[in-house]
Amino acid sequence: MARRPAPIRLVHQGIAALRGLLGLLAHAPLTLVFLVALWTVGALTGSLLDGPSGELLPQVGIGTGSLADGHWWAPLSSALWCLDLVGYLATSVLLLGFGAAGERLLGPGRTAVLFLISQVGGTLLGIGVIKLGSVAGWLWLNFLDDPAELALSPSTGAVGLGLALSSRLPALWRRRLRLALIVALVTLALFSGYAQDVVRLCGGLVGMLAGLAMLGRSSKTVGAPSRSETRVLLALLLAACALGPVFMLLTPYTAGPLTALGDVLTSPVPSADQIEAICADPDFAERCRELKARANFDGLPSAIMSVLPALFLLVLAEGLRRGRKLAWWSATVANLALLVWFVQSIVDLMLTPAAEFGDITPHTKGQLVFDSSMPVLLSVAMLIGLVVTRRQFTVAGPRRSRRRLVAFIVGAFVLLGVVYVLGGYAWRDQFDPQPGFGQLIADAPSRFLPPGYLDLFPVRFIATGGMAGLLCEYLGVVFWLLVLGALLVTFWRAAPPTDETAAARARDLARKFGGSTLAHMTTWRGNNYWFTADEQAVVAYRVVATIAITTGDPVGEPAARIEAVRGFADFCARNGWTPCFYSVTEAIKDETREFGWSAVQVAEDTLVPLPELAFTGKKWQDVRTALNKAGKAGITAEWWSYPKAPLAITDQVRSISEEWVADKGLPEMGFTLGGLDELNDDEVRCLVALDADRTVHGITSWLPVHRDGQVVGWTLDFMRRRATGFRGVMEFLIASAALSFKEEGAEFLSLSGAPLARLDRGQQPGALQRLLDFAGRALEPVYGFRSLFAFKAKFQPTYQPMYMAYPDPAALPRIANAIGRAYLPNMGARQGLRLVRRVLSR
């Protein structure tokens with residue numbers, strides 16, 4: 001059947017995707033009706049861009065005076081409008097997500113009830129909090145206790161519905177959803193600080209309580225956070241402290257009690273009117289130069305440098321998430337510095353006479369001091385959290401990477417400083433006043449500071465344009481981008497423990513106890529090793545992008561293998577890694593499921609029982625044909641140990657392998673797929689197909705599988721055939737090996753796992769399994785996994801699924817990336833593009 005042209009295929013795919021989306025939304029009729037009503041009302045009243053008009057807003061919005069004025073409908077009417085277009089778009093996303101999920105899980109009725117309880121209850125509670133805070137004298141809430149300050153958005157009910165639905169989620173996702181939403185709501189309330197932000201926070205809390213009352217608690221209660229969850233919690237709090245000021249910078253007006261923190265972590269460029277007002281007074285000449293220097297930042301340099309402290313905190317938050325000790329110390333020092341800064345500001349405020357503030361009373365001054373103490377409380381809370389959880393941040397990282405980090409930062413500072421001094425001297429006529437060489441050296445440190453921190457150094461001169469302006473604008477940007485990038489790389493680098501004897505001890509355990517059919521692969525180079533305390537079991541793993549991927553099951557004493565699973569998971573948590581048990585048997589998958597992990601099939605192991613093996617009957621026709629044709633062609637099979645094989649054979653094997661790789665034009669895969677390096681092992685047996693001229697037509701390698709100190713089976717690994725050689729050479733070699741192993745008394749041979757291929761057992765696959773099946777089909781023309789799986793069916797094997805077990809579904813993208821890099825560690829950009837082109841072309 002002819003294939004459709006690419007544009008037509010894309011159109012059909014787009015239509016199919018749209019149908020799927022509409023089908024999903026068809027299960028949420030109430031949400032769709034409400035969204036249509038929301039946008040229709042907004043359009044009819046002209047409120048989509050700038051919110052309701054000045055006449056309509058007091059009638060439909062809710063504030064502290066609405067109910068007193070008799071607007072009993074305000075808690076409901078406030079759900080039919082938003083304050084601007086951004087509000088409409090953001091609220092629609094919330095409603096689509098939580099509303100559709102609610103109708104699917106609970107039905108339209110209970111979803112509507114939870115939404116209304118959250119909207120009305122949150123609105124009334126929020127207005128009550130504002131009124132009480134105003135009566136208590138809190139300046140922030142006193143500002144919100146104004147008839148003109150009105151709340152207006154159905155997002156109050158939407159976030160409440162989302163937190164109510166969290167009661168139905170598994171423990172891990174319940175904690176994560178609640179944590180993310182509550183931190184976001186608190187951040188908006190404390191930094192943005194408008195009535196709608198307070199009402200939205202209260203709506204979320206009301207919704208969570210309503211969910212607990214109506215839906216009950218999940219059967220699996222939320223226990224104490226694990227080590228990794230504790231790290232995520234601290235990282236999220238620090239990230240919220242960093243993102244709140246950035247949000248303030250993007251918002252024209254803010255009223256939250258943490259505005260002072262925003263002034264420290266962000267430094268907006270002063271306006272022309274501010275500069276003109278300051279420079280008009282001769283007494284403020286120094287301040288005038290400082291503001292002009294800050295105003296020199298423009299465009300991208302201004303955007304980066306203005307939020308530089310916040311970006312630094314975000315990088316530290318990533319380090320905390322990974323459990324890095326360096327990030328913990330840096331975050332602690334940063335919060336101590338902020339604490340000292342804020343305390344000093346409060347002391348200065350308290351010592352300033354009230355008369356200098358104008359007409360305010362001492363009571364109002366006290367309120368100002370109270371409001372200014374909010375950032376202090378936040379810094380104290382962060383410090384307490386860091387100190388209490390300090391034992392969770394023990395990952396030191398490679399010592400060499402820390403030394404490189406210090407050397408890199410010092411080197412970048414010195415090099416860019418030299419560039420500034422030499423460049424500034426060369427273009428000194430572009431500064432006002434014109435500097436000397438010594439003045440440029442003294443001025444260099446100030447050029448690395450964000451605009452808001454220029455008052456820490458005296459501003460001696462300013463750039464008036466040209467190359468001098470570029471130096472002043474981009475010097476700090478380049479330096480800090482390099483520093484932040486170097487910090488991220490340091491936090492991302494793993495430091496697996498090194499032990500020169502570990503590989504030998506792991507090999508001894510594989511010989512003595514064995515494991516799965518992949519047990520011998522644990523001895524390959526590139527693996528690191530974790531042993532149980534009694535050294536009766538070992539887990540071979542490699543760390544790629546903080547994902548610790550195991551090579552099959554643990555190896556060792558059978559009872560100790562199960563304990564090794566939990567122990568290795570704890571070991572990974574201590575080091576800030578995500579464990580991934582890859583290509584494991586059903587026993588390990590079941591064990592990980594007991595402590596809440598997920599699993600998906602990634603391969604199919606193919607086992608051929610040997611005691612009763614006989615190539616008789618129609619189903620063995622292809623194998624018998626290969627054996628017969630090989631005999632007629634004078635092809636024989638010879639066993640060799642690759643390290644001891646004659647040079648004439650090893651040279652041919654190497655040539656055949658290189659020809660195979662070159663023909664694909666893609667890198668040879670590794671990890672659980674051995675290459676020439678893995679043949680260089682005395683325990684690996686190679687079966688070579690040779691003709692009368694000693695020409696190698698094909699080769700297979702076999703890995704031993706031990707049990708109780710004895711070899712009980714063999715696993716197929718390396719397979720290569722000459723392109724112009726005997727066509728049935730692989731069938732011939734595998735059949736010859738099976739007969740040979742049978743004579744030796746082996747119980748089975750494994751044709752090894754076929755990646756991204758599996759036997760159809762009639763079960764409905766999940767979404768992730770369908771994605772892996774799609775990946776197998778996409779890569780088939782390139783690596784032929786499914787063809788290999790079909791080829792192995794000729795030997796009438798029994799099938800055993802091999803799984804990937806992982807603790808956190810949210811880590812799946814990183815796990816997929818890590819496994820891809822483990823299999824293709826040497827793939828360059830050109831080969832990657834070639835792989836993508838081949839996949840897309842098919």
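Start with Asp443 and Arg447, whose side chains meet in a salt bridge, 2.8 Å from N to O. Both partners are tucked away: Asp443 is buried, and Arg447 is buried too. Keep in mind as you look around that this is a predicted model. Across the whole structure, a search turns up 19 salt bridges, so let's walk through a few others.

Unlike a buried residue, which needs to be under 20% relative accessible area, Arg654 counts as partly exposed because its relative accessibility is 33%. Asp651, at 39%, is partly exposed as well.

Now for a pair that reaches across the sequence. Arg707 and Glu747 form a salt bridge whose closest N and O atoms are 3.0 Å apart. Arg707 belongs to strand E11 (residues 696-707), while Glu747 is in the loop between helix H29 (729-744) and strand E13 (748-750), so this bridge ties together parts that are 40 residues apart in sequence. With 37% relative accessibility, Arg707 counts as partly exposed; Glu747, with a relative accessible area of 35%, is partly exposed too. Elsewhere, salt bridges link up into a network made of Arg507, Asp508, Arg511, Asp681 and Glu683.

Enough charge for a moment; let's go nonpolar. Val406, Val410, Phe413, Val414, Val418, Leu422, Tyr425, Phe437 and Ile441 make a nonpolar surface patch of about 790 Å². The elements that each give two or more residues to the patch are helix H20 (399-426) and helix H21 (437-443). H20 supplies the largest share, seven residues. Phe437, for its part, is in H21, and its 39% relative accessibility makes it partly exposed.

Which of its residues are buried? In H2, they are Thr31, Leu35, Leu38 and Gly42. Looking down the helix axis, you'd see these buried residues fall within an arc of 60°, so they line one face of H2. Part of their cover comes from helix H5 (85-106). On the face of H2 turned away from that buried side, you'll find the exposed residues Val33, Val36 and Leu44. Just after H2, Gly46 takes a positive phi of about 65°.

Finish with Lys792, which lies in helix H31 (residues 785-792). Buried or exposed? Lys792 has a relative accessible area of 4%, so this lysine is buried. What does Lys792 touch, once neighbours within four places in sequence are left aside? Its contacts are Thr606, Leu751, Ser752, Gly753, Ala754 and Pro797. Ile734 is 58 residues from Lys792 in sequence, and the C-alpha atoms of the two are 9.7 Å apart in space.

Notes:
Residues numbered from 1 in each chain as written. Predicted model: local features only at pLDDT ≥ 70, side-chain atom pairs only at ≥ 80, totals over all residues. Heavy atoms only, no water. Buried < 20%, exposed > 50% of the residue type's maximum accessible area, 1.4 Å probe, protein only. Helix = DSSP H or I, 4+ residues; strand = E, 2+ residues; numbered from the N terminus. Arc of directions from axis to C-beta. Contact = heavy atoms within 4.5 Å. Salt bridge = Lys/Arg side-chain N within 4 Å of Asp/Glu carboxyl O. Patch = residues over 30% accessible without salt bridge, like charges linked within 9 Å, V, L, I, M, F, W, Y side chains within 5 Å. Areas by Shrake-Rupley, 256 points an atom, 1.4 Å probe, with all protein chains shown as cover.
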